[in-house]
Every structure is written in structure tokens, then in C-alpha cells.
Amino acid sequence: MRVTCKSFDCAVWDIYAQSQGMPLWKLWGFDEKSPYPPSCFTIGIDTPEVMVRKMQNQPNWPVYKIKLNASGGMDLVRALREETTRQQVNPIFRVDANCAWQAAQVKGWAEELQTLNVELIEQPLPADAYEEMKLLKGKCALPLLADESCQVEADVDRCIEGFDAINIKLVKCGGLTPARRMIARAKQNGLRVMVGCMTESSIGISAGVHLLPLLDFADLDGALLLAKDIASGLEWSAGYCQLPSAPGLGVQLLDGRF
């Protein structure tokens, strides 16, 4: 149901902005010259050798998100950092534990990850572990970001005491309209905000791109992970997705239909 709501909500915004002859971000009054964050590029969990190869296939990205599991994955992060040192570059790393860690592990692993230039830890504990997260916030070496713990609007308030930031996925929350309310609520309560994605085509990713001027972090690389995209209109450069110039969401199916 949420996927359907997201599609409907974004389609309405797309049609409305097209009727006004301008891209959605401009209709909202955002300034394209204002700074906005680059997107991270996701390195799916695998052997260290395969993960290094994945990063080599997307060189010079400013931020990489590294998927980890219950084992902690310090060896994986270290292998990737050694590769960036060999290349004489120093991108930011973010790690995503995907709900797999135990509360007792988080502080120690956060200290180790800080030495490897990791910026934040995404979803270290299970989605419903709000009480345990309250004991970690402010006591870890790295900021803690909610993903599975923050899926719909009501979850924002649940995350205030246990997280430093939230990740909003339009597919889960229902589209751009609730996402903007979630962003406003989070910032009112001192939380930083990321907009993330699933593995989606540029049609799905483009909606999140229009929120970039409001964000502290972005994870909008879903279309780049596809073997073949179905739409055009998004332009990437060194990890940054340009705000679209075409009306509406600014993307078009490759067969010419919107």
C-alpha cells in the first residue's frame, strides 16, 4: 500500500509541477546554488576482495556506504580503507549494520570505525530497539542514524531520544508529502536527515533528488546499481546528482513516454 501511495503522491507532484512549467524543486522555492549533499555509493556486503572491486568500479566517489552484518565487519571496512589509501584518496565511509548488532557491541565498534574515517552508523540495532538506543545516543564515538526504526511519520518522534539522524525512504513513508513533514519534524527536534532509496529506477530516485536542498545526507544511488535503467534525466558528477532542469520530476522513460 505504501508503494502505491508513494507512486500516487509523487505522480501528483510531478503533474502539478509540469503544469506550472518548472521542476519541482524550483516550484518549492529551493535555490539551486545552495549547497546540498552528495549521495553515497553503496558497497554491498561480500568478501573483502569483492567489496574492494565494487569500490574500484565506482572510483572517486566522495562517500561510500558499506553494508555490514552481525560479525561487525571491521575487517571489511579496514580493507576498503586500505584500498583508498593505496589510491591516495580519502572518501568518507558510512556503515549500515542493517539491524544486526548487539547493544553491547556498538560503542566499541564505533570507536574503531572512527579511526577509519567512518562518518556515521546506520541502524545498528533491531528496528524496535528504541529503549536500547536511548542508552547509546550521545555515548558513542559516531552519530547513530535510524533507517528501519523510522519508516513512517509517527516513527520520527520515537527516534528523537535514541538517534542523531533519520533516513527517510519515500517508498516506506508514502511519498514526498509525508517526507517533507518528517524532515520538518526531525529538524525541529535536532535530528539530521538523510533521504534514502531502494534499488529503484531514475523515476523513483528523481523524487528524492528534489529534496536534496533540505538534507544533511543523501543515499540516492539506487538507479546506479541497476544493470539497465528505464529512464533518463538525472545527471551525476563525482557523487553529486544535479537538480533536474526539466519540468516536474525531470525524468523521462527511455521510450519517450513520461
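The following conversation covers cavities, a helix pair and an aromatic pair in a predicted model.

Trainee: Which ground rules apply here?
Mentor: Residues are numbered from 1 along each chain as its sequence is written, and side-chain values use heavy atoms, with hydrogens and water left out. The model is predicted, so local features need pLDDT of at least 70 and side-chain atom pairs count only at pLDDT 80 or more, while totals for chains, interfaces and linings use all residues.

Trainee: How many cavities of 30 Å³ or more are there?
Mentor: The count is 2. A cavity is a set of points, on a 1 Å grid over the protein atoms alone, where a 1.4 Å probe fits but cannot get out. Grid points are joined across faces, edges and corners, and a volume is the space filled by probe spheres set on the points.

Trainee: What lines the largest cavity?
Mentor: This cavity holds about 60 Å³ and has 13 lining residues (an atom within 4 Å of a point). Leu-170, Gly-196, Cys-197, Glu-200 and Gly-204 lie nearest its centre.

Trainee: Which elements supply at least two residues of that lining?
Mentor: Helix H8 (170–173), strand S7 (192–196) and helix H10 (202–209) each do, and H10 gives the largest share, 3 residues. Helices (H or I, at least four residues) and strands (E, at least two) are DSSP runs, numbered from the N terminus.

Trainee: And the second largest cavity, what is its volume?
Mentor: About 40 Å³. Its lining includes Met-55, Trp-61, Tyr-64 and Gln-87.

Trainee: Changing topic, how do H4 and H5 run relative to each other?
Mentor: The axes of H4 (residues 74–86) and H5 (residues 103–114) come within 11 Å and cross at roughly 5 degrees. Axes are lines fitted to C-alpha atoms, for helices over the stretch in contact, with angles from 0 to 180 degrees between N-to-C directions. The two helices are therefore roughly parallel (under 35 degrees).

Trainee: Which residues meet there?
Mentor: Met-74, Val-77 and Arg-78 of H4 meet Trp-109, Glu-112 and Leu-113 of H5, where contact means heavy atoms within 4.5 Å.

Trainee: How many aromatic pairs does the structure hold?
Mentor: There are 7. Rings of Phe, Tyr and Trp (its six-membered ring) pair if their centres lie within 6.5 Å.

Trainee: What is the geometry of Trp-13 and Trp-28?
Mentor: Their ring centres are 5.3 Å apart and their planes stand at 75 degrees, so the pair is edge-to-face (over 60 degrees). Trp-13 is in helix H1 (residues 2–19) and Trp-28 in the loop between helix H2 (24–27) and strand S1 (41–43), so the pair ties together parts 15 residues apart in sequence.

Note on methods. 1 Å grid on protein atoms, 1.4 Å probe; cavity = no way out; pocket = protein on both sides within 12 Å on 5 of 7 lines; lining within 4 Å. Parallel < 35°, antiparallel > 145°, perpendicular 65-115°, else oblique. Phe/Tyr/Trp six-rings, centres within 6.5 Å; stacked < 30°, edge-to-face > 60°.
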